[in-house]
Amino acid sequence: MSGTPAYELAPNIWRIPVATSDGINAFVVKAADGQVTLIDGGITQGWKRLEAGFSHLGLDVSDVTSIVVTHAHNDHVGNVERVRKASGSPVSAHVDDATFLEAGQCPPIDPSRRFRSLLERFGRYDKITVSHTFSDGALLDVAGGLRVLHTPGHTPGHTSYFHEPTGVLITGDVIHYWRSQIRIGIKVFCHDIALNEQSAQRLSQISCDTVAFTHGPHISENAQGRLHEFLAKRA
Ligand SMILES: [Zn+2]
Ligand SMILES: [Zn+2]
């Protein structure tokens, strides 16, 4: 296992790469009162990387006090039930993805895609007990406030998060960053490709200092400018 176990995006908010080359990321937010929030858990094969990320922060997965997820895909929630059991912490998700999470299923893939039933079967993961659901605009009680931005399309309940105190935007899979370029979200498992494209434009409403992706490294230099430039070209 190589690479940095965790990157500090801003004070008390970190990105943990749970696959090689920043291929998949989970995030940890630590609050002054000791609360530890995990955003996504990554793919099951990334468990050791997740543990290494926590250990780098002087924490253990059992220290997690709440879990929130971006969406019901196995590369992001494959470890969530395991962390939930290890920590006893509640899982929160957007109401439109909750039934898929509880069933351990990938939402239906866009009808234009080939092999979708095979991919849907391949995309299964451990069923997750969801304690709380939220909808668009909610402000979650996470280290001064984590704003819920419902960005449907990739999945029905796909959620991007904006940590208001630090200006960190976590896009989820609506867009990603690969080979030094922002790109539209990966289409393979996308539920509604056209809706995902519309949702991406929503991110231009956010004034952020750092843009972090569930796939790819984060951007801290001119992050908002680069994000807005990418979105303006596709609008
Ligand atoms: Zn996804
Ligand atoms: Zn993904």
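**View 1. The hairpin of E10 and E11 in a predicted model.** Four residues lie between strands E10 and E11 in this hairpin, where Gly-167 has a positive phi near 70 degrees. Strands (E, at least two residues), like helices (H or I, at least four residues), are DSSP runs numbered from the N terminus. E10 and E11 run antiparallel and are joined by three bridges; the partner of Tyr-161 in E11 is Ile-170. The model is predicted, with local features requiring pLDDT of at least 70 and side-chain atom pairs counted only at pLDDT 80 or more, while totals for chains, interfaces and linings use all residues. Residues are numbered from 1 along each chain as its sequence is written, and chains are lettered from A and ligands numbered from 1 in the order in which they are written.

**View 2. The open sheet of five strands.** The strand order is E8-E9-E10-E11-E14, with mixed pairing; two strands pair if DSSP finds at least two bridges between them. Strands E8 (139-140) and E14 (210-212) stand at the edges with a single partner strand each, so one side of each has no neighbour in the sheet.

View 3. E10 (residues 159-163) has five of its five residues buried (buried: 20 or more other C-beta atoms within 10 Å of the residue's own, with C-beta atoms placed from the backbone). Thr-159, Tyr-161 and His-163 point one way, and Ser-160 and Phe-162 the other. Five bridges join E10 to strand E9 (residues 146-150), and the two run antiparallel. Arg-147 stands opposite Phe-162.

**View 4. Strands E11 and E14.** E11 (residues 168-170) runs parallel to E14, with three bridges between them. Leu-169 has Val-211 as its bridge partner in E14.

Note on methods
Buried ≥ 20, exposed ≤ 12 C-beta atoms within 10 Å, placed from the backbone.
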